[in-house]
Amino acid sequence: MTLPKSAPERAGSRRYVTEHASGRPRVGPRLRVPPGRARLFVVSVIDRPKGQQPTATYDSAFLKACRREPVPHTPVWFMRQAGRSLPEYLKVREGIPMLESCMRPELVAEITLQPVRRHKVDAAIYFSDIVVPLKAIGVDLDIKPGVGPVVANPIRTRADLDQLRDLTPDDVWYVTEAMGLLTRELGATPLIGFAGAPFTLASYLVEGGPSRNHEHTKSLMYGDPQLWADLLDRLADITAAFLKVQIEAGASAVQLFDSWVGALAPADYRRSVLPASAKVFRAVESYGVPRIHFGVGTGELLGLMGEAGADVVGVDWRVPLDEAARRVGPGRALQGNLDPAVLFAPTSVVEQKAQEVLDAAAGLEGHVFNLGHGVLPSMSPDALTRLVEYVQTRSAR
Ligand SMILES: Cc1c2[nH]c(c1CCC(=O)O)Cc1[nH]c(c(CCC(=O)O)c1C)Cc1[nH]c(c(CCC(=O)O)c1C)Cc1[nH]c(c(C)c1CCC(=O)O)C2
C-alpha cells in the first residue's frame, strides 16, 4: 500500500504546539504568555511530543472552529465518511471482516485517508468502530454486515459485569501504530479519534445487538440502578483509557458517539447517563484537545450533553442550529446538521439545504459543518465531494 505524500509538512521538520502547565496547548505566534510563566513554553523542532499538535494542525479551520476562533471558512467533515459509500473502500476491504480490518494499521491508515483525498474534507476520522475497545478486552462480539455489532453473551447481571476488565494501551497497539502512520501522512489535516459513549456501548452489551426500543437496557437502568451505574462507570473507564491512547498517538480532537441516547428523557439522562459521560470528558480534559459529543434525536438533551463536558455539541437535523445554540448555551461550538437524506436530492436542493444550515449557523461562535448523522452506504460519493466544495467556498471569509 502506498500512502499519499500530500502532507505539506512532514514529521520531524515541523514545530509543535507545546503544553501549558494547565494542559491547554499554546502556539508560538499566538502565544499569550502570562508574566513570569514564559519558561513553561518550549517549541520543539525535533520530535512529536506526546499528545501535542503540529502548529499547522493547531491552526486548521477545523480546530479553530472547535475552539470558537475566527475561521477562513466553515470546516466540514462527515460522520462515517470513511468506508461505506466509497468504491476504493470496498476494494481494499474485499474479503476482510470489519473487525479484522480495524486491527491492521496500514489498512486503517489507507481507509482513513481515502475520504480526505477524495472529498478534501477538513478533518479525518480514524477508521474503527465503537465496539473495538470491547473486543480488545475480550468481549465475544462481532460486526455482522447489514446488522451491526452482535454480542454473544449479553451483560445483564453483576457476574456478567465482572467480566469487563480495564483497557490497557497494549490491548489496542494497532491503534497507536495506525495513528502514527496517519499523523505523518495527514500533514495539517487534523485526525479525529472517537469512542462510543457509555450509554450506547451499554445498549449493545445489554441488548446483545442493535435494538429499536432498548427494552433490556431500560429494564436494567430502571430495575437495578446500582448495577446500571456500575456498568456505566466501568464503561466510562474503558472509554477514557481508549481515548487517551488515541490522543497520545496523535488525535487532534475526540468525538464521543452517544448515538442512541436520544431514546431517553432528560431526567433519566441526567440521573443515569450524564455522570458516566462526564467522567469520560473529565478524564481527557487536561490534554486540551476539543471534545465533541454527538447523539441522534437528542433535541431535548442538547443542554445536558454540553453540560457533560463537551467543547462541541453535535446536532442532528431535527433542530435548526440557531435554536440548538439557544439550548446548548454559550461557550460551546456546534457541529452539524444537514439531514443525510438530503444528499439523495438534486444538487440544487442539496446546496439550498446546505445554505440553510450555514445561515442558521451565521451567529454562532464556532460551527463545524457535518451531516446530522452518518453517511449512508447508498450515497453518491460525488454528491459528498460537491457538498464539501460548496460549504468551503460559500463560507469563505
Ligand atoms: C452506532 C455506531 C456503530 N459504529 C459507530 C457508531 C456511531 C456512529 C453512528 O451513530 O452511526 C461508529 C463508527 N463505525 C465506523 C466508523 C468509521 C469512521 C467514520 O468514517 O466515521 C465510525 C465512527 C465504521 C463502520 N462500522 C460498521 C461499518 C460497516 C461494516 C462493513 O463495511 O462491513 C463501518 C464502515 C459497522 C457498524 N457498526 C455499528 C453499526 C450500527 C454498524 C452498521 C452495520 C451495517 O449497516 O452494516 C455500530
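This is a predicted model: local features need pLDDT of at least 70, side-chain atom pairs count only at pLDDT 80 or more; totals for chains, interfaces and linings use all residues.

Reply:

Residues are numbered from 1 along each chain as its sequence is written.

Ala, Val, Leu, Ile, Met, Phe, Trp, Tyr, Cys and Pro count as nonpolar; Asp, Glu, Lys and Arg count as charged; the others, Gly among them, count as polar.

Phe257 belongs to strand E7 (residues 253-257), where five of the five residues are buried, so E7 is largely enclosed by the rest of the structure. Buried means 20 or more other C-beta atoms within 10 Å of a residue's own; exposed means 12 or fewer, and partly exposed lies in between, with C-beta atoms placed from the backbone. Helices (H or I, at least four residues) and strands (E, at least two) are DSSP runs, numbered from the N terminus. Both faces of E7 are covered. Ala253, Gln255 and Phe257 are buried on one side, Val254 and Leu256 on the other.

What flanks E7 in the sheet? Strand E6 (residues 191-196) runs parallel to E7 and is joined to it by five bridges. Two strands pair if DSSP finds at least two bridges between them. Ile192 stands opposite Ala253 of E7. Phe194 has Gln255 as its bridge partner in E7. Strand E8 (residues 291-294) is also parallel to E7, with four bridges between them. There, Leu256 is partnered by His293 of E8.

Now widen the view. E7 is part of an open sheet of seven strands, in the order E3-E6-E7-E8-E9-E10-E11, with parallel pairing. Strand E3 (124-125) and strand E11 (367-371) stand at the edges. Each has a single partner strand, so one side of each is left without a neighbour in the sheet. Strand E10 (residues 333-338) includes Asn337. A cis peptide bond joins Gly336 to Asn337, with omega about -5 degrees.

Asp142 has Val150 as its bridge partner in E5. Three residues lie between the two strands of this hairpin, and Gly146 takes a positive phi near 80 degrees.

Arg68 is not a glycine, yet its phi is positive, near 65 degrees. Arg80 has a positive phi of about 60 degrees and is not a glycine either. Arg68 is partly exposed, with 19 other C-beta atoms within 10 Å. Arg80 is partly exposed with 17.

Helix packing comes next. Helix H9 (residues 198-207) and helix H10 (residues 215-223) pack at about 105 degrees, with their axes 8 Å apart. Axes are lines fitted to C-alpha atoms, for helices over the stretch in contact, and angles run from 0 to 180 degrees between N-to-C directions. H9 and H10 are therefore roughly perpendicular to each other. Angles under 35 degrees count as roughly parallel, over 145 as roughly antiparallel, 65 to 115 as roughly perpendicular and the rest as oblique. Ala202, Ser203, Val206 and Glu207 of H9 meet His216, Thr217 and Leu220 of H10. By class, this contact has three nonpolar, three polar and one charged residues.

Finally, the whole chain. The chain has 17 helices and 11 strands. Buried residues make up 47% of its 397 residues. Of the contacts with a separation of 6 or more, 74% join residues 24 or more positions apart. Two residues are in contact if their C-beta atoms, placed from the backbone, lie within 7 Å.
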